[in-house]
Amino acid sequence: QVHLVESGGGLVQAGGSLRLSCAASIRTFNTYAWFRQAPGKEREFVTAINWTGAITYYADSVKGRFTISRDTAKNMVYLQMNSLKPEDTAIYYCALGGVLGRKYRDYEYWGQGTQVTVSS
């Protein structure tokens, strides 16, 4: 069983930045991803990174503003979020799986989430 713990969420003004972190309980060479869920909406894909860090996917809505990275030696994955918009407000979830995909079902392990609120 793998445990994922997110941190770094908070309240920020539009145009600001936040850096989310996700700590895994074990060292893994699988794929990490970030998803988010806004109130009343389905959980949606944000970004993913493969085990080497060489391949990344981004949702169109965050491309150019968000950057995913990982430090496998520290069992960590990060999400740098710049130029934040009110529509980025959501709970952000870290996920771990064996497939570099964009679907919820591609990931087996999930954190509890961290709230990001962007004020206008």
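A residue is called buried here if its relative accessible area is under 20%, exposed if that area is over 50%, and partly exposed in between, with a 1.4 Å probe and protein chains only. By this definition Arg 36, at 5% relative accessibility, counts as buried.

The structure is a predicted model, in which local features need pLDDT of at least 70 and side-chain atom pairs count only at pLDDT 80 or more, while totals for chains, interfaces and linings use all residues. Residues are numbered from 1 along each chain as its sequence is written, and side-chain values use heavy atoms, with hydrogens and water left out.

**The open sheet**

Strands are DSSP runs of E with at least two residues, numbered from the N terminus, and two strands pair if DSSP finds at least two bridges between them. In these terms, 4 strands form an open sheet with antiparallel pairing, and their order is β1-β3-β8-β7. Because β1 (4-7) and β7 (66-71) each have a single partner strand, they stand at the edges, and one side of each is left without a neighbour in the sheet. With axes taken as lines fitted to C-alpha atoms, neighbouring strands of this sheet are turned by 15° against each other on average, direction ignored. Strand β3 (residues 18-24) pairs with strand β8 (residues 76-81) in the antiparallel sense over 6 bridges, and Ser 21 has Tyr 78 in β8 as its bridge partner.

**The salt bridges**

A salt bridge is defined as a side-chain nitrogen of Lys or Arg within 4 Å of a carboxyl oxygen of Asp or Glu, and the count by this rule comes to 4. Among them are the following pairs.

| Side chains | N to O distance |
|---|---|
| Glu 44 and Arg 36 | 2.6 Å |
| Asp 88 and Arg 36 | 2.9 Å |
| Arg 65 and Asp 88 | 2.8 Å |

Arg 65 lies in the loop between β6 (56-58) and β7, so its pairing with Asp 88, in the loop between β8 and β9, ties together parts that are 23 residues apart in sequence.

Salt bridges link Arg 36, Glu 44, Arg 65 and Asp 88 in a network. Within this group, Asp 88 is buried with a relative accessible area of 1%, and Arg 65 is buried as well, whereas Glu 44 is partly exposed, with a relative accessible area of 36%.

Conventions:
Axes are lines fitted to C-alpha atoms, for helices over the stretch in contact, and angles run from 0 to 180 degrees between N-to-C directions.
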